[in-house]
Amino acid sequence: MTEQNKKQKQWGGRFQEETHLMMERINASISFDKKMWAQDIRGSRAHASMLAGQGIISAEDNQAIQKGLLQIEKELAAGEMVFTDSLEDIHTHVEVRLKEIIGEAAGRLHTARSRNDQVATDLRLWVLDAGRELDQALLEYQRALFELAEKNRQVIMPGYTHLQRAQPVLFSHHMLAYVEMAWRDRSRLADCLDRTSTLPLGAAALAGTTFDVNPALVAKDLGFKDLARNSLDAVSDRDFSAEFLFVLGLIQVHLSRLAEELVLWSSQEFGFVSLSDAFATGSSIMPQKKNPDAAELIRGKTGRVMGNLVALLTVLKGLPLAYNKDLQEDKEPVFDSFETVMDCLRVLAPLLGSLTVRESRMAEAVKGGFLNATELADYLAERGLPFRKAHEVSGKAVRLAEKTGRTLNEISLEEYQGLSDVIQKDLYPVLEPREAVNRRTSFGGTAGANVEAALKEAKKRLWPK
């Protein structure tokens, strides 16, 4: 771009003084909104086609505009455009470059359009594109979880509540819980994208336009499902950005919960899993250390993703209708959260694929902590004892075992019968972890013996024909 073009302003006719350098700096958004260059060109091409279709600009001008925009698209894809704060944003860069290529016809592209509805359109297009990419990354993450579960389908581990050993569960069942979280994430994402798919173009600055535009034609061209119904709302609505940030935030919270478990499980105190060297680091001073940095970073990055949602909500909370320059602060949180969550998903999938599950260490942990106490209570209840009484008897058995340094399996039948004459020899198989897991069901019967059915159903959903 020429030096003269670099100093052009879309709004310069009203002003006599040059913009102060610091004002130019805080006013510019090109450093981050250049990410939307592809969406800006798509939106401009559709707008120009509509203008020509409505007879608002000539077919010749439209042809020149289309050709020029395609050239700019190639330049941007190749990284050839030089960006400058003096042109503020990606929209101005494209328009100024278009004028350099095709001359005065470039000025007709902005007919019946304001930067307000242009920016809103570009950002919605960007979120829709990003959302589809995010959904695919979530699917790959789900598949990695599934494959880890399938590979270790019969491994038994302690299930926890309050971070205390509670009941034996299958490791595969535990992994499938995260698959379910991701289904909800994808469902929320789909809902968000459905609402995002509303075209604001045609609202102009805030009050519509006097030109006979055809927003429905633009919506069809760009793939929007709906049209904005109120021009004031169209240019000032950032609900879709906030909702996208919430979706991203909750995904990251789910990833952080898994990361926390990987940190705990890979510690020497647990020793349930071992991370591949590719996803761990060492210490600069302690040669023996193997730190689960990938998991820790995923957990740590959750704060910035949550913070980005709060930042945007804070921007929005006091804005009068319609557009305000505060809304320039909407893009960086969205871009940053998306990139952060995508990075975390992309590292988690291969991390899970290379994870070593230590079955013997988990089995050893299941033996301690009286995880079969509930099985004892259920056994008594099945034989007619009121559950509250059965719970009391089981608690007394735990106290006896704890006092004498034994497990519930090691208490003699005579001692058990001293607690309740309902107890017979058939109790002991019930107390075995494998039997305890297999006897238990959950919603849909997928907790224990039916894990095969659960895996089969999950595979059908994750790899639909």
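Author: A residue is called buried when its relative accessible area is under 20%, exposed when that area is over 50%, and partly exposed in between, as found with a 1.4 Å probe and with protein chains only. The structure is a predicted model, in which local features need pLDDT of at least 70 and side-chain atom pairs count only at pLDDT 80 or more, while totals for chains, interfaces and linings use all residues. Residues are numbered from 1 along each chain as its sequence is written, and side-chain values use heavy atoms, with hydrogens and water left out.

Reader: Is Met23 buried, exposed or partly exposed, and what is its relative accessible area?

Author: Met23 has a relative accessible area of 41%, so this residue is partly exposed. Met23 belongs to helix 2, which covers residues 21-27; helices (H or I, at least four residues) and strands (E, at least two) are DSSP runs numbered from the N terminus.

Reader: Which residues make the nonpolar surface patch?

Author: Patches are built from residues with over 30% relative accessible area and no salt bridge, where like charges are joined within 9 Å and nonpolar side chains (Val, Leu, Ile, Met, Phe, Trp, Tyr) within 5 Å. Accessible areas come from the Shrake-Rupley method with a 1.4 Å probe, and for residues only the protein chains shown count as cover. Here Met22, Met23 and Ile26 make a nonpolar surface patch of about 310 Å².

Reader: How many salt bridges does a search of the whole structure find?

Author: A salt bridge is a side-chain nitrogen of Lys or Arg within 4 Å of a carboxyl oxygen of Asp or Glu, and a search of the whole structure finds 32 of them. One of these joins the side chains of Glu104 and Lys99, at 3.8 Å from N to O. Glu104 counts as exposed at 60% relative accessibility, whereas Lys99, at 36%, is partly exposed.

Reader: Which parts does the pair of Lys225 and Asp194 tie together?

Author: Lys225 and Asp194 form a salt bridge in which the closest N and O atoms are 3.0 Å apart. Lys225 lies in the loop between helix 9 (215-222) and strand 4 (226-227), and Asp194 lies in helix 8 (residues 171-196), so the pair ties together parts that are 31 residues apart in sequence. Lys225 is exposed, with 64% relative accessibility, while Asp194 is partly exposed, with a relative accessible area of 41%.

Reader: Are Asp330 and Arg238 buried or exposed?

Author: The side chains of Asp330 and Arg238 form a salt bridge of 2.6 Å, taken from N to O. Asp330 is in the loop between helix 12 (293-316) and helix 13 (331-353), and Arg238 is in the loop between helix 10 (231-236) and helix 11 (239-265), so this pair ties together parts that are 92 residues apart in sequence. Both Asp330 and Arg238 are buried.

Reader: Which residues have the most contacts inside the largest nonpolar core?

Author: A nonpolar core is a set of buried Ala, Val, Leu, Ile, Met, Phe, Trp, Tyr and Cys residues joined through side-chain atoms within 4.5 Å. The largest one has 105 residues, and those with the most contacts inside it are Trp126, Leu134, Tyr141, Phe171, Met175, Phe244 and Leu258. Helix 7 (residues 115-151) supplies the largest share of this core, 16 residues. Leaving aside residues up to four places away in sequence, Phe244 touches several residues, including Trp126, Leu134, Cys192 and Phe338, where contact means heavy atoms within 4.5 Å.

Reader: How many disulfides does the structure hold?

Author: A disulfide is a pair of cysteine sulfur atoms within 2.5 Å, and the structure holds zero of them. For Cys192, which is in no disulfide, the nearest cysteine sulfur is that of Cys344, 19 Å away. Cys192 is buried, with a relative accessible area of 0%.

Reader: Where is Leu163 placed, and what is its backbone like?

Author: Leu163 is in the loop between strand 1 (156-161) and strand 2 (164-170), and its phi is near 60 degrees, a positive value in a residue other than glycine. Leu163 counts as exposed at 54% relative accessibility.

Reader: Which residues does a cis peptide bond join?

Author: The cis peptide bond joins Leu321 and Ala322, with omega about 5 degrees, and Ala322 is found in the loop between helix 12 and helix 13.
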